[in-house]
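Student: I would like to learn how to read a structure like this one. Please take me through it feature by feature.

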There are 2 protein chains.
Amino acid sequence: MTGVRESDPTGLHRVLDDRVVLPQAAQRLDTRHALWSDEVRIRVERLNLDAASFRQLERTHTRADGTVDRDALRAEVLGIVASRGKMQNPETGSGGMLVGTVEEVGASSPLGLAVGDRVATLVSLTLTPLVIQDGLAAWDAATEQVPCDGYAVLFGRSIAAVLPDDLAPELSLAVMDVCGAPALTARVVSRYAGATVAVIGGAGKSGSLSLAAARDAGAARVIGVVPHEQEAARLRASGLADEVVLADARDPIALRDAVAAAGGPADVTVVCVDVPGCEGGAILSTAAGGTVIFFSMATSFSAAALGAEGLAADVTMLVGNGYVPGHAEHALHLLRGHDGVRRLFEERL
Amino acid sequence: MTGVRESDPTGLHRVLDDRVVLPQAAQRLDTRHALWSDEVRIRVERLNLDAASFRQLERTHTRADGTVDRDALRAEVLGIVASRGKMQNPETGSGGMLVGTVEEVGASSPLGLAVGDRVATLVSLTLTPLVIQDGLAAWDAATEQVPCDGYAVLFGRSIAAVLPDDLAPELSLAVMDVCGAPALTARVVSRYAGATVAVIGGAGKSGSLSLAAARDAGAARVIGVVPHEQEAARLRASGLADEVVLADARDPIALRDAVAAAGGPADVTVVCVDVPGCEGGAILSTAAGGTVIFFSMATSFSAAALGAEGLAADVTMLVGNGYVPGHAEHALHLLRGHDGVRRLFEERL
């Protein structure tokens with residue numbers, strides 16, 4: 001019966017659940033190799049797991065002596081993909097992205113891709129049909145970069161970006177993975193005149209791009225918040241922030257006071273750290289009338305909603321949408337234009 | 001040692017956890033009867049549990065034959081409050097609000113309350129120190145309205161509204177409980193010229209107020225989405241919506257198509273239904289450049305963020321902040337000015 005289903009640009013035709021849900025919410029996707037006419041199949045080279053997801057997997061497989069059981073971690077990823085037909089961490093709900101080469105293009109695909117294009121997918125692995133065919137034999141399970149042979153399917157409404165020639169593929173992939181953050185940061189910052197912007201996790205990948213995006217969008221003062229001195233030194237060397245301050249983002253009062261001491265409260269606070277419990281501090285670091293953008297998948301919706309209410313905080317809180325038109329090009333442009341961003345990325349590859 | 005802690009307007013001084021967290025995130029609050037100087041103590045008459053929380057409790061205590069074990073439900077609420085010093089459902093993370101009479105006002109309280117004022121608290125129970133002193137003997141555990149004798153404490157930065165004389169207290173309480181939704185809806189709708197607004201759950205309390213708020217804020221077309229014919233009839237009779245459509249909000253394609261048929265996609269989509277899985281449909285019902293406001297505590301942050309990304313949807317997604325300055329007065333004004341809102345509320349009391 002499913003063989004004659006019509007395709008839907010959302011990928012609905014590949015959902016195997018009994019209830020009608022979108023691919024991202026589905027328990028299981030149809031990973032058949034044959035394409036519907038608006039689809040594209042990618043030969044996968046590498047998966048890039050979401051940082052929060054990889055950290056959760058590492059915690060789960062940490063032994064009593066503090067070492068990580070890498071074989072068990074690898075087996076869990078294989079198990080998830082085999083049973084669900086996609087890579088979606090059941091705890092964090094998040095996935096990641098992939099890089100590969102276009103293998104086949106359906107006759108009515110609207111994505112503009114051609115066989116042989118080397119691409120990164122800009123939609124999450126949580127909704128991408130995926131088959132792993134090499135048992136992840138080449139992955140040491142020690143980083144979220146996963147060499148992988150297999151195939152994946154893109155829908156009519158998916159997004160993929162052709163990797164640029166002037167940058168190493170790993171670098172482009174790392175940039176595109178977080179490109180929604182600087183794009184949305186730029187859009188929000190440009191609505192305030194001479195904004196003070198605080199980026200929590202400013203030395204990280206999405207954080208450093210967001211600092212650069214805030215600056216380019218007209219921020220008058222950009223503050224980078226980092227958890228320890230090593231990151232502070234890195235961020236200072238990058239020149240991306242006017243002020244670099246140390247604070248544990250999970251400690252709301254410490255965060256509030258650190259941002260205040262650096263020239264806050266902020267008009268725009270951008271949360272780029274993948275640890276739970278940062279909602280209260282982000283709210284308290286933000287001025288009345290300001291905006292908090294949550295990019296961390298560890299964000300709790302109810303903690304944010306009830307936290308702001310409980311603090312009588314008149315702040316706008318945005319769910320960090322990973323899609324803004326032009327986001328990949330914008331992020332690559334920031335990387336090319338800010339040496340500090342490039343250095344921070346290259347150090348982390 | 002805690003006896004000499006200085007008070008903080010956020011209520012930090014009453015957090016008993018080892019880590020520094022705000023009262024909302026705390027496992028346990030100090031419920032001591034004596035006040036810090038910026039606090040207010042309320043003699044509690046009634047708790048109003050959050051709808052998502054009460055429904056979760058009912059599900060948990062539903063027997064095999066479909067009946068609900070009301071005694072066990074009551075015991076669980078008592079257990080939560082006794083162990084945590086506040087009412088916060090561990091599953092949903094949500095609380096509710098309360099009504100009572102001001103019993104004592106600290107010398108430096110900024111809230112402007114006087115002993116004897118009958119008030120509703122507009123901060124969540126999830127951060128309000130609470131002691132129940134009657135074992136909830138007067139509560140049948142069949143509704144989220146909980147008659148209760150006990151006391152609660154407000155902090156310097158809490159909010160409480162004096163109950164108006166012209167409305168029944170139950171009515172005022174029900175309105176104030178959801179007053180953040182119409183206030184934020186009005187603010188967002190007023191940014192669009194002649195907006196099309198869809199309210200998912202339009203016949204409910206926050207939904208009907210949001211419809212009225214959208215209309216008063218200049219919406220050109222307001223669409224109410226409801227799950228079944230009974231609610232549709234109610235909403236039609238209220239006159240609050242230009243179009244009333246039936247759809248299961250958890251079915252993204254059905255919701256998208258229903259809103260489109262009623263004149264959508266919407267510029268502003270307001271999610272007021274307390275069921276999980278509405279993120280995808282809300283996103284698909286919203287036009288590019290539009291805004292989704294999530295008021296349901298059942299919203300999943302990652303489902304919203306990854307859903308929009310996966311659908312390449314350029315929509316702004318707001319965490320429904322329960323606090324907007326003047327929200328209680330605004331909601332009471334809507335109730336007084338829209339007979340349809342008032343009837344829907346009175347039917348639900």
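Tutor: Start with the terms. Helices (H or I, at least four residues) and strands (E, at least two) are DSSP runs, numbered from the N terminus. Two strands pair if DSSP finds at least two bridges between them. Now the case: strand β1 (residues 40–49) of chain A runs antiparallel to strand β2 (residues 96–105) of chain A, and nine bridges join them. Within this pair, Ile42(A) faces Val102(A) of β2(A).

Student: What should I know about the model and its numbering?

Tutor: This is a predicted model, in which local features need pLDDT of at least 70 and side-chain atom pairs count only at pLDDT 80 or more, while totals for chains, interfaces and linings use all residues. Residues are numbered from 1 along each chain as its sequence is written, chains are lettered from A and ligands numbered from 1 in the order in which they are written, and side-chain values use heavy atoms, with hydrogens and water left out.

Student: In what order do the six strands of the open sheet in chain A lie?

Tutor: A general point to begin. In a regular strand the side chains alternate between the two faces of the sheet. In chain A the order is β4-β5-β1-β2-β3-β6, with antiparallel pairing. β4 (130–132) and β6 (160–162) of chain A are the edge strands, each pairing on one side only. Neighbouring strands are turned by 35° against each other on average, direction ignored. For such angles, axes are lines fitted to C-alpha atoms, for helices over the stretch in contact, and angles run from 0 to 180 degrees between N-to-C directions.

Student: Which strands pair in the parallel sense in chain A?

Tutor: Strand β11 (residues 286–294) and strand β12 (residues 316–319) of chain A do, over four bridges. Ile293(A) sits opposite Leu318(A) in β12(A). Together with helix α9 (residues 301–310) of chain A, β11(A) and β12(A) make a right-handed β-α-β unit. Right-handed means that, with the strands pointing away from the viewer, the path from the first strand over the helix to the second runs clockwise.

Student: How much area is buried between chain A and chain B?

Tutor: The size of an interface is often given as the accessible area lost when the parts come together. Here, buried area is what two parts lose with a 1.4 Å probe, summed over both. It is about 4600 Å² between chain A and chain B, with carbon and sulfur atoms giving 63%. Phe301(A), Glu309(A) and Val319(A) supply 16% of the area that chain A buries against chain B, more than any other three residues. In contacts (heavy atoms within 4.5 Å), 55 residues of chain A meet 55 residues of chain B.

Student: How many salt bridges are there between chain A and chain B?

Tutor: Side chains of opposite charge can pair when their charged atoms come close. The cut-off is a side-chain nitrogen of Lys or Arg within 4 Å of a carboxyl oxygen of Asp or Glu. The count between chain A and chain B is four. One salt bridge joins Arg187(A) to Asp314(B), with the closest N and O atoms 3.1 Å apart.
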